[in-house]
Every structure is written in structure tokens, then in C-alpha cells.
Amino acid sequence: MVDPEIQAVTEIWLTAIVSLIFCHQIAARIPGGAARLLSVLPIIYLFTTLPLRLSSIHLGAPTIFYLVWLGNFKLLLFSFNHQALSPPLRRCPSTASYPSASSPSKPNRPQLPNPHRITNVQFFFCSNAAFWW
């Protein structure tokens, strides 16, 4: 038998994942603005009320942080075309409540040598010389 608190957390996060898939698939077909906001408002309400079922602070605090705060703000950004849920579907539920925005990786450019840059060896010797003088 599973503890009721663990079962509630599992149900909350499964509901959140299904809701994020809904937002990614259905609401992404609606143009941004008021129409998309109206389609996302039930999910925002759901994210706000889901963690109220939890009584443990150890399970409730991270759930409230990720769903209520980060998830709702990402959904608000998404409803106004700020591409908060733009990753592919396989990564969308895991990154939708993530605090940082995902951006495409940029190719690394080789750094040009800077004549005024102090290397680690120079810094080591200068700091030791200053310490011993």
C-alpha cells in the first residue's frame, strides 16, 4: 500500500504533465494573445489549486514552487508568444517549469589571444611575490 501523500504527489505531477502536453499541442495551434490566454487559463487555475491537496511541507514546497510560480508564469509567457513552451514535445513537460529559458546552442568561436590577459602561472607568481615581500 502506498502512502496517501506519495500517491497525491504522483497524481498531481501526472496531471501537470498531461496539462503541459495539452498546452503544447492544443493551445499552440491558437494564435497568441487573448484567445490563447483563455485556452490556458483553466490550466493556470489547475496549477494553482493542485498543490493544495498536499499536507507535507517537504513535498508541497517544491510542488508549489514549480507548478504555481514557475509553471504559471511560463504559461502566461506562452500565451503571449514568448515561446516558453517551445521545445519539442519530448522535452516540453520537463522544461516547462524550469526556471531558465532553453536557447539553441551557439557554436564556439576560438578566442583570440589577448596580450593584456594574465595567465594562471603569471597570477600565481605575482600573488606569491606580493605575499612574500
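Here is a short walk through the structure, from its helical segments to its nonpolar core and then to one threonine. Keep in mind as you look that this is a predicted model.

Let's begin with the record. An unreviewed UniProt entry lists residues 34-52 and 64-81 under "transmembrane region". How does the model look over these two stretches? Over residues 34-52, the chain is 84% helix and 0% strand, with 28 Å between the end C-alpha atoms. For residues 64-81, the figures are 89% helix and 0% strand, and the C-alpha atoms at the ends lie 25 Å apart.

Now turn to the nonpolar side chains. The largest nonpolar core has 16 residues, and Val40, Phe47 and Leu75 are those with the most contacts inside it. Helix 1 (4-25), helix 2 (34-49) and helix 3 are the elements that give two or more residues to this core. Helix 1 gives the most, with six residues.

Finally, have a look at Thr63, which sits in helix 3 (residues 57-79). Is this threonine buried or exposed? Thr63 has a relative accessible area of 2%, and it counts as buried because that value is under 20%.

Terms used
Residues numbered from 1 in each chain as written. Predicted model: local features only at pLDDT ≥ 70, side-chain atom pairs only at ≥ 80, totals over all residues. Heavy atoms only, no water. Helix = DSSP H or I, 4+ residues; strand = E, 2+ residues; numbered from the N terminus. Buried < 20%, exposed > 50% of the residue type's maximum accessible area, 1.4 Å probe, protein only. UniProt positions renumbered as here; feature names shortened; annotations may be inferred. Core = buried A, V, L, I, M, F, W, Y, C linked by side-chain atoms within 4.5 Å.
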